[in-house]
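Visitor: I would like a close look at the aromatic rings in this model, and at what surrounds them. Please take your time over it and keep the account connected.

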2 protein chains.
Amino acid sequence: MLLSVLQANAVVLDVEANLWTIDDAAKRAADAGADLLLTPELFPVGYAPLRVRAELDPAKLPAIRERLADIARRNRIGMVYSLPAEADGYNSGGSPDWYISATLIDATGAELLTYAKVHLFGGEERQAFVAAAQPPAVVDFHGIRTSLLICYDIEFPEAARAAAGRGAELLLVPTALSAGYDAVPQVLIRARALESQLNVAYANHCGAEDVYEFGGGSVVAGPDGGLLAQAGDTPALLFAETGPEAVRAARDKVPYLRERRPGLYREWEENLPREAGDSGDSEA
Amino acid sequence: MLLSVLQANAVVLDVEANLWTIDDAAKRAADAGADLLLTPELFPVGYAPLRVRAELDPAKLPAIRERLADIARRNRIGMVYSLPAEADGYNSGGSPDWYISATLIDATGAELLTYAKVHLFGGEERQAFVAAAQPPAVVDFHGIRTSLLICYDIEFPEAARAAAGRGAELLLVPTALSAGYDAVPQVLIRARALESQLNVAYANHCGAEDVYEFGGGSVVAGPDGGLLAQAGDTPALLFAETGPEAVRAARDKVPYLRERRPGLYREWEENLPREAGDSGDSEA
């Protein structure tokens, strides 16, 4: 399965411009034989949580989704896109809460998988969105068991483990990572791929959007922890072959997933001493 | 706290030669002002699970421990050493099972902390040793909350999380990593330090021992995922300053440990679909 990864600069709330960027990338990716195009977090609306929440009319979301499905259909390529999505609850103003979501569609535009971000990053995301609670699900895409996470999620090994435990061989991760955090793609993404023995593709923005400066550095990591493709800090379209063979070979060589001891980990977590200063929930 | 890390070649079952190597390193480390010397997995007896199990008389272990305590005392330096240790159970021949253990002693030779390896690697380790089940404990050492893991343990993010959850700011890891696995120190150790926001020191063998060829590559990683020190593939004595300040700064910058969602992870793990092909215990 030939995967392509779009790294680009979105224009905040200029949906037409952003869809044009995606359409152009989809055409180039399909021309190169790619089966799938992964795009960055919230790319069609731009990454600007407070402005998007304040200024985007949610009634327009279904039409944006239809436009994205049409891009997939016209270019005959699968796609992962990320948009706000309405949640079940309501905020203090009586409006529906929003998740940050990601959606995998096939080359006919049909939805195969959706995911809502579980780990929100920073105060502005928390003001604009609510965190979801469902684990990443897995679907077969071109013979590869495929799953989704979003941005900060993948920095937590537990999130990738949840996908791997459900059989994922490929994790597709739209992101919006600020400049200056190169260790995330260069260390954490490679580690997630190696320790959970799957391919991880990580598609970032580059350049300025609203008050944010994005560093690019999009990558595709293989299950041996190596990089199959990586971008600099400017717009790029990456390609990587991500079949299940490398996943199986890695899992045969060092069986991390089989040699985990989940019963022990659960017991250890339940028996955390209360006095531990930095033990997470104790400070929450 | 100035930490030193010994990377060296042990001689299998030549305890005198190996203690000489440790004593020499302890002297050099103490002369350089180090407070602690970390040594590789099973270094005093050499890394050779089957030969060590078959040929080492366990009645000699207390005297080896006393010699190591004496090295610490004479050189006025704390030390982490790794040795076989008797477990509670018995093997099919009626002999006590052995763990692979690690021990932290202070500069007076007093034991501060012990740990027994939870994740055994490969068939020979499993023939010679049994896997332990206790989580890593934490003690204060020169003002730093310090914990121990051994080799394969640290490749599992869950093991480092267990130490971090108990307050660890410094993880000391004796290892015996075969040549050809450079991604372990270069990717996984850096990721453990970054995602659980602590210092990780990883002390490996180099050269041949029994049938094994070790690649060296010992490292000290900081809580920003950067390397504070790294060795090549030949004998080395590394030094790194590992105070708690960098840990606190990292935890203030991106609060991974506070923003984990352990309740969700537990729920996700309990609700793993049975049909997931590579979900770990289902194949065990």
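Guide: In this predicted model, the count of aromatic pairs over all chains comes to 18. One of them joins A:Tyr152 and A:Phe156, whose ring centres lie 4.9 Å apart with the planes at 80°; since planes over 60 degrees apart count as edge-to-face, the pair is edge-to-face. A:Tyr152 and A:Phe156 are both buried. Another pair, between A:Tyr256 and B:Tyr152, is stacked, with 5.9 Å from centre to centre and 25° between the planes. This second pair crosses between the chains, running from helix H8 (residues 256-259) of chain A, where A:Tyr256 sits, to the loop of chain B between strand E7 (144-148) and helix H5 (157-165), which holds B:Tyr152. A:Tyr256 and B:Tyr152 are buried as well. A cluster that also draws on both chains is made up of A:Phe121, A:Tyr152, A:Phe156 and B:Tyr256.

Rings take part in another kind of arrangement too, with charged side chains. A:Arg53 lies over the face of A:Trp98, at 4.3 Å from the ring centre, while the charged end of A:Lys253 is placed over the ring of B:Tyr181, 4.8 Å from the centre of that ring.

The relation between the chains deserves a word here.

Turning to helix H7 (residues 244-253) of chain B, one finds B:Pro244, B:Val247, B:Ala250 and B:Arg251 buried. These residues lie on the same side of H7(B), because they cover an arc of only 120° around the axis. On the other side of H7(B), B:Glu245, B:Asp252 and B:Lys253 are exposed. The cover over the buried residues of H7(B) includes strand E7, helix H6 (183-196), strand E9 (199-203) and helix H8 (256-259), which belong to chain B.

Finally, there is the nonpolar interior to consider. In soluble globular proteins, nonpolar side chains tend to be buried together. The largest nonpolar core here has 192 residues, of which A:Leu37 and B:Leu37 touch the most other members. Apart from neighbours within four places in sequence, the contacts of B:Leu37 include B:Val5, B:Leu6, B:Ile22, B:Ile77, B:Met79, B:Val80 and B:Leu237.

How values were computed: Residues numbered from 1 in each chain as written. Chains lettered and ligands numbered in written order. Predicted model: local features only at pLDDT ≥ 70, side-chain atom pairs only at ≥ 80, totals over all residues. Heavy atoms only, no water. Phe/Tyr/Trp six-rings, centres within 6.5 Å; stacked < 30°, edge-to-face > 60°. Buried < 20%, exposed > 50% of the residue type's maximum accessible area, 1.4 Å probe, protein only. Helix = DSSP H or I, 4+ residues; strand = E, 2+ residues; numbered from the N terminus. Lys NZ or Arg CZ within 6 Å of the ring centre and 35° of its normal. Arc of directions from axis to C-beta. Contact = heavy atoms within 4.5 Å. Core = buried A, V, L, I, M, F, W, Y, C linked by side-chain atoms within 4.5 Å.
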